[in-house]
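Colleague: I would like to learn how to read backbone and packing features in a model. Could we go through some cases one by one?

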Amino acid sequence: MQESKKNIPVDDSFRRISNSSELSSDSSGLSHLSSRLVNVPDNVEPESMVNHLIFKPPKSYKRGQGEIPFHIPHKKVLEKIEHKREIPEPLTGFRDQQKAIFQRVCLPYVDVPEVERKPSSTPDGSTLVLKTVKIDVRPVGKVVEEADDAEFRKKSPLSQPPEVADQLELISNLRNDPKIGFFYMVYAVDRCSEFFTPYALKIVPYGQLKRTYMTISVNGVTQYSPDEMSFTPMELWEREYRFYLKLMRIRTFTTYRTWKALYVWRKTVTWTKFLEARSYMEQNLFISDPILSKALLEVKAMCAVFLDSSFNDFSAIEKIPLFMFIETQFAKLESIRGKLDEFRMLAVNIVNNACLGALLKEGYTPEDSNVTIEQTAYGKLGQFSGAKFKIPKDGVLKMSYIEQARKRQKCYRLSCKIFLPPRSFIHLIDYMQTNMMQVLLHNTYKEIVTVLSVYDQFLPSKEFLESSDTEAILELPNFNGTLPQCPFFVTSLTVSIETGLNIDPSEEIFYFVLQTVCDLWEENLDAIKPLLSDPFFYPFTRPMINHKIEERLCGKPPEILTVLKQDPGIGVVKKEFNQVLRQHMEAVKLYWKRLKPIEEFYQDDMTSDDQIMRRETLCEQFRKWFIRYTAEIETISKVAEHQNLGFFHVTLSRFKEMALVAPNKKIAVLESVLPSIGKTKVDSVLMEAIDAINYLEADPVSTDDFVAYIKFLDKSQTKIDSMETQLEYAKEIYDIMEEYRITVPVEDMANYLGINVQFTSLRLAVEKRLVARDNLIASFNAQLQSDINELIDKISEINDEVVVSLSYKIFLPTK
């Protein structure tokens, strides 16, 4: 059985023991660490097991590169220690008295010789020899020099490790030899010793037992003390001992003392520096002054009011016109400016009262009205000379040079030291005020960037922006009330001949207005002037010393505009603000690219001459124009009414109204031209048809009438064809007007509808006359013969008249 136990793996035995319900609560921590320990075989020698328990210091140490030896004092420190002047005794014999007290308090150093261990006897009469290990033990309370430490460890027998019994060997002997029974054990060293461990035990006879001792047997270990007695089973004792040996092999436990020395040294240095810093801060911090600290806290509390404030007013963040946004921002700006003015007024009063209180506390006033005799030169030196003090004739006491320097130094402290950091009270208040305004402006930019960046989720994709579909409307995501449901600004898209496509307000106006608002923020902050340059504080910045005003002590206070220019955070937030504006404005520009065709035909329609249409007569051209302008109207009508592009809610109704003006204007011209053309053609054909009918129905009388009538009749077919052509043109004109629903006057429409009747009557009249053309020719011949006869008769009559006239002239006598 014994051999079988030795072959069981240690990890398995640990697992079985840790799962046992017999373990006490004290061993729970050891069992938890068992999985991290290194396995120790059972057949290890006891002496080597104990060696695992003890961490021996190295004989030599090689320092690595860059490693600082904290245990070796610096050379300068050693020089200070070696050459340090010995402090004289306050009283004779004081040092000897302290040395005597020190010897009584510390334990004496006793040189104990090494005692050889004798074999222990057992109840059955046999002897048992235990192996022991020497441990270097330093005496408690003995103080030795560091240089003598190595020599001490060599010579002193107590510097050796104590003799410690090997628990595993004891357990093995007790189990192998039941006749032994038990052993008495006590701790080999005191609890305050550096070599003390829970298992630093040694075997002693009954006569050497102390008040606290232990007994070990096969069943377990019993611990006796004046207060209580406890029993630990042997399996648990052995298991915990093995755990302990493994724990001591971990680096954390072996180097604990070295770590502790480093920690104590570092803690001492840190605490010393802390004390020095605390002393310096008590002497230089304004917060340590009860008067100035109260003023600082009050100003700080007033500054804290503005830490979460901003110049923005985002009470309404959905569908706001630009002018309404500007009105709300100006109202909020005026409110914050009023608070800033109130802050400065209160800060002036608080700082002035604090400075006066601090100056009075030192015994000075701004106008030197309380100079005492002690502050004069007599008060400093005259009291030792025994001379009597005489009041000056003018009754004005003058401070000594020392008091003047003190007051000047105090005013330095209250105002500012030239070319130095803000180590003065008023200068510090200015920095607090400047920092407050800087944070206020930073919050303003940060808030507006945060609010506008929320609308990045409303930006459509690049594919949507670059598409040509004018009817598409971007669907906004539903955020269930967590984010705004509508864009921030309301703008409208416009088109004109001068600017083309543009948003109203335009991009230039939009940027100009926002830049103006930003400039007003900084201008209002710059209007809050620092206290250091205020003439109200001249009693501290230009103090009166001995009734003489000194030169200005302080330098220049911090300027808020300079601080803002040098602040990288403000610059970054401004860039983010401009980037957000450009990003959303670019989205609008990309969107209106799809409306470029509308802009192009709008420009073409508005710049083309209407007289070209008024002079046009071709129906095909009129039809092309109607098709073009009707298509333009349809294209414009299909454009979406609005579009959400980031924080812009772009309304397109105004754009559509402006764009429809161009095609509607051209169609109006066509609507005025076509009815007049149709009426003119219809009236012309109608009058010509009526005249032709009336002419054909009348019978010719004279020969000329017959000739003209016959000619008209011969050309009537050609004229009818020409009239039919004109009628077809008019019909096409009226078809165009009917197709595009152009309003035609009732009279014109009646004439257009009645022209067919007249034209039919004309055709019938022409056909009738053509049928009777032979009779017309016969009548023409008869009339022609009648005219010939009549002409012959007239010729005869004329001839007779000529003959008579000649005869009369012949027979008349001459004068």
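Colleague: In which loop does Lys319 lie?

Modeller: This is a predicted model, so local features are read only where pLDDT is at least 70. Lys319 sits in the loop between α12 (290-304) and α13.

Colleague: What is the phi of Lys319?

Modeller: The general idea comes before the case. Most residues other than glycine have a negative phi. Lys319 is not a glycine, yet its phi is positive, about 55 degrees. Its relative accessibility is 42%, so Lys319 counts as partly exposed, since exposed requires over 50% and buried under 20%.

Colleague: Where is Arg741 found, and is Arg741 buried or exposed?

Modeller: Arg741 belongs to the loop between α26 (703-739) and α27 (746-771). With a relative accessible area of 75%, Arg741 is exposed. Arg741 also has a positive phi of about 55 degrees, although it is not a glycine.

Colleague: Is the peptide bond from Asp504 to Pro505 cis or trans?

Modeller: Most peptide bonds are trans. The bond from Asp504 to Pro505 is cis, and its omega is near 5 degrees. Pro505 is part of the loop between β9 (500-504) and α18 (507-527).

Colleague: Now the helices. How many residues does α9 have, and what distance does it reach from its first C-alpha to its last?

Modeller: One way to read a helix is to set its span against 1.5 Å a residue. Helix α9 (residues 234-247) has 14 residues and reaches 20 Å, close to the 20 Å expected. As for cover, 13 of the 14 residues of α9 are buried, so the helix is mostly covered.

Colleague: Which residues touch the most other members of the largest nonpolar core?

Modeller: A core is read as buried nonpolar residues joined through side-chain atoms within 4.5 Å. The largest one here has 92 residues, and Phe425 and Phe647 touch the most other members. Helix α13 (residues 322-361) gives the most to this core, namely 15 residues.

Key
Residues numbered from 1 in each chain as written. Predicted model: local features only at pLDDT ≥ 70, side-chain atom pairs only at ≥ 80, totals over all residues. Heavy atoms only, no water. Helix = DSSP H or I, 4+ residues; strand = E, 2+ residues; numbered from the N terminus. Expected span 1.5 Å × (residues − 1). Buried < 20%, exposed > 50% of the residue type's maximum accessible area, 1.4 Å probe, protein only.
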